[in-house]
Structure formats: C-alpha cells, structure tokens
Amino acid sequence: NIGSIIGALIAGTLVSRLGRRRTMIIADILGIIAVGLMLVRNLPVLLVGRILSGIVSGLNIVAIFMYQVEVSPLEMCGATGTLSVIISETFSFISLAVGFAVPDDPHSEFQYQIWRLLVSVSAILNVMRLVGLGFIWRFETPFFLIEKGKKEQAKKVLGRIFDDGIEDEYKRIATDVEMATNEGSIGFWDLFGPKYRRILFVGFLLAVIQHFGGMSIIFIFSNDIFSRSTDNDVLFSTILGIINLLSVICALFLVEKFGRRTLLLA
C-alpha cells in the first residue's frame with residue numbers, strides 16, 4: 001500500500017514528461033524486477049519486492065487510465081470504461097479463486113512452492129504488455145503528442161484509431177489540449193487551492209466512503225470470516241466473488257439509466 005501511494009504520486013510527473021506509454025513500459029520493467037525479488041527466500045528482499053510491486057500498481061492506476069481515455073474515441077469512452085471495470089472485477093474474482101489452489105496441509109511441499117508460481121503470473125503479464133507496447137502499439141496518445149507539438153505523429157496515431165474524420169478529431173483534441181494548458185500545468189498542491197478544493201473534497205469523500213464500506217476487508221478476510229460461520233468457506237467465498245462481479249455488470253447498465261448520484265444513494 002505504501003508503494004502504491006508512492007507510485008501514484010510520481011506517476012503524474014512521469015506521464016507528463018515521458019508519456020503514458022513509456023510510463024507503462026517502466027512499470028512493466030519494475031514489475032518483472034519486483035517479482036524476481038519476491039521469489040527470493042529472504043524477508044528484507046521480499047519486503048523490497050512488495051514495495052516495488054506497490055509502486056508498479058500506483059504507476060499503472062494513473063498511466064492506464066490516462067492512456068485508455070486518450071486513445072478512445074469520444075463516443076466510445078463510456079463503453080471502454082465499462083469494459084475496463086468488468087475486466088478489473090473479473091480478474092479480482094479470478095485472483096480470489098486462484099487463492100483456493102493453495103493446499104491447507106502445512107506439510108505439503110506443493111503448498112511450499114505454489115506461491116512462487118502464483119506470484120510469477122504478474123511477471124508473465126508484465127512481459128506480455130512490454131512486448132505489446134514495444135513492438136505492436138509503439139505510439140503515444142494523440143493528446144500527449146499534440147501537447148508536445150508532434151502534429152504529424154498525432155495524426156498518424158489517429159489514423160490507426162479512425163477510418164475517417166482524422167482532421168476533425170485532431171482539432172477536437174487540440175482544443176482539449178489548449179483548454180487544459182492555457183493556465184499552465186496544474187501541480188499537486190494546486191488541487192488544494194480555492195479553485196479545486198471543493199471538487200477535491202467530493203472526490204476524496206467518495207473514495208473514503210467506498211473503502212470504509214467494508215467490502216475490501218470482506219474480500220481480504222473472506223476465507224477466515226466464512227470458516228468461522230460455515231462448513232464450506234471456499235463455496236461461500238466463491239459466491240461472494242460472483243455476486244460482486246454480477247453487481248458491477250448490473251450497476252454499469254443502471255448508472256446510464258438512473259444516473260451516478262441516484263446509484264450512489266441506493
């Protein structure tokens with residue numbers, strides 16, 4: 001968690017100076033190193049690996065969101081955002097399910113080694129994305145390129161996203177860039193000024209309420225909670241994961257019909 005906070009704080013500087021794609025490449029390289037450290041049977045080394053893994057998480061939270069929004073056509077932002085949340089919750093459920101693969105027998109040699117296999121999965125995903133960003137999608141977002149004055153590169157990227165209307169889309173993004181930068185770059189401490197203070201408070205309050213709702217704690221300790229109240233903690237933890245995933249999918253459709261505030265109140 002500490003590493004994730006650090007990663008999120010430095011991500012803003014990295015995405016602004018190096019770009020979204022390069023920030024994700026850095027995150028992938030650090031992610032591979034983190035997994036290598038976590039596989040070592042040494043507590044201090046393991047802790048360094050965990051902190052580094054948290055930094056990777058923080059970098060990804062910022063860079064992936066910005067990259068996704070900036071390469072998605074305006075009319076598709078809602079759909080791509082929906083898909084992103086569904087994928088995220090699906091993998092959260094998979095992570096919960098994979099945890100059941102660890103045997104309960106403390107003397108099992110398989111249990112002694114399987115954690116290494118589970119930890120290595122994230123490194124495989126890092127390698128896959130590193131290859132994708134390095135050899136397949138080798139472009140920054142149009143927004144970042146226009147911001148840096150790279151007009152021709154921006155149009156080239158837009159040509160890979162759109163079949164036509166490239167000039168119109170370029171003008172729209174250029175207008176967004178101008179609006180975002182006409183008052184200069186917004187720094188971290190600017191968020192606490194009079195202009196942004198109220199909306200920052202609202203966003204912070206929503207985030208705090210989300211976590212203090214208790215759902216994260218229930219997920220983390222679901223096996224222990226259910227083992228104290230049922231004879232089949234694996235079954236009930238699985239049901240919990242399925243309910244969470246289905247609720248996310250339903251909410252994504254309900255929010256378009258009833259609105260964000262109504263759904264939050266519900």
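This note covers the salt bridges of the structure above.

1. Basis. This is a predicted model, in which local features need pLDDT of at least 70, side-chain atom pairs count only at pLDDT 80 or more, and totals for chains, interfaces and linings use all residues. Residues are numbered from 1 along each chain as its sequence is written, and side-chain values use heavy atoms, with hydrogens and water left out.

2. Count. A salt bridge here is a side-chain nitrogen of Lys or Arg within 4 Å of a carboxyl oxygen of Asp or Glu. That rule gives 6 salt bridges.

3. Glu70 and Arg20. Their closest N and O atoms are 2.8 Å apart. Helices are DSSP runs (H or I, at least four residues), numbered from the N terminus. Both Glu70 and Arg20 are buried (under 20% relative accessible area, with a 1.4 Å probe and protein chains only; exposed is over 50%, partly exposed in between).

4. Asp28 and Arg129. Here the closest N and O atoms are 2.9 Å apart. Asp28 sits in helix 2 and Arg129 in helix 5 (residues 109-136), 101 residues apart. Asp28 is buried at 1% relative accessibility. Arg129 is partly exposed at 22%.

5. Glu167 and Lys155. Their N to O distance is 2.7 Å. Glu167 belongs to helix 8 (residues 166-181) and Lys155 to helix 7 (residues 151-161), 12 residues apart. Glu167 has a relative accessible area of 40%, so it is partly exposed. Lys155, at 18%, counts as buried.

Notes:
Helices (H or I, at least four residues) and strands (E, at least two) are DSSP runs, numbered from the N terminus.
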